[in-house]
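Thanks, I will keep this short.

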Amino acid sequence: MPPKLTKLELQIMEVFWTRGACSVREIQEAFPKAKRPAYTTVQTTVYRMEGKGALRCVKRISNANIFEAAISRNSAQNRLIDDLLGLFGARPVMARLVETGKLTLEDVEAARQVLKKAQKERQR
């Protein structure tokens with residue numbers, strides 16, 4: 001199972017998923033200037049993420065370590081969704097999506113197709 005990631009860790013992972021391998025400086029500079037965390041904050045977080053298995057160091061250039069994502073965006077998303085559903089169940093999550101207008105009829109139809117497919121696979 002992929003590691004549990006904080007909001008900042010997910011933001012850092014997004015840099016890796018979009019840019020590929022990066023140094024700590026490149027990660028820090030990828031944040032918008034107004035919301036950019038301190039270099040040391042990013043550095044500490046990156047090394048913690050390496051310890052969790054979310055990142056891996058792939059090479060060293062002078063004093064800079066270059067890291068890459070060790071988990072996919074999909075596996076991180078699945079972990080978050082599984083945690084959310086484990087806490088609240090599917091109905092409150094679905095109700096909230098409907099209340100906020102973030103669930104469309106097209107989304108419901110796509111979910112219906114996925115449910116049909118999963119049901120057929122379980123019957124085999």
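Asp83 and Arg79 form a salt bridge, with the closest N and O atoms 3.1 Å apart. Keep in mind that this is a predicted model. The two residues are 4 apart in helix H4, so about one helical turn separates them. Are they buried or exposed? Asp83 is partly exposed, at 22% relative accessible area, while Arg79 is buried, at 17%; the cut-off for buried is under 20%.

Arg79 also turns up in the lining of the largest cavity, along with Pro3, Leu5, Leu10, Ala76 and Leu80. That cavity holds about 30 Å³, and the count at 30 Å³ or more is 1. Helix H4 gives the most to the lining, with 3 residues. By type, the lining has 5 nonpolar residues, no polar ones and 1 charged.

With Ile81 and Leu85 it makes a nonpolar surface patch, about 240 Å² of accessible area together. Leu85 sits in H4, which spans residues 73-88, and is partly exposed at 35%.

Back to salt bridges: the whole structure has 6. One of them joins Glu68 and Arg56, at 2.8 Å from N to O. Glu68 is in strand S3 and Arg56 in strand S2, so this pair ties together parts 12 residues apart in sequence. Glu68 is partly exposed at 27%, as is Arg56 at 41%.

Another pairs Glu99 with Arg96, at 3.7 Å. These are 3 residues apart in helix H5, again about one helical turn. Glu99 is exposed at 60%, and Arg96 is exposed at 52%.

How values were computed. Residues are numbered from 1 along each chain as its sequence is written. This is a predicted model: local features need pLDDT of at least 70, side-chain atom pairs count only at pLDDT 80 or more; totals for chains, interfaces and linings use all residues. Side-chain values use heavy atoms; hydrogens and water are left out. Patches are made of residues with over 30% relative accessible area and no salt bridge: like charges are joined within 9 Å, nonpolar side chains (Val, Leu, Ile, Met, Phe, Trp, Tyr) within 5 Å. Accessible areas come from the Shrake-Rupley method with a 1.4 Å probe; for residues, only the protein chains shown count as cover. A salt bridge is a side-chain nitrogen of Lys or Arg within 4 Å of a carboxyl oxygen of Asp or Glu. Buried means under 20% relative accessible area, exposed over 50%, partly exposed in between (1.4 Å probe, protein chains only). On a 1 Å grid over the protein atoms alone, a cavity is a set of points where a 1.4 Å probe fits but cannot get out, and a pocket is an open set with protein on both sides within 12 Å along at least five of seven lines; lining residues have an atom within 4 Å of a point. Grid points are joined across faces, edges and corners, and a volume is the space filled by probe spheres set on the points. Ala, Val, Leu, Ile, Met, Phe, Trp, Tyr, Cys and Pro count as nonpolar, Asp, Glu, Lys and Arg as charged, and the others, Gly among them, as polar.
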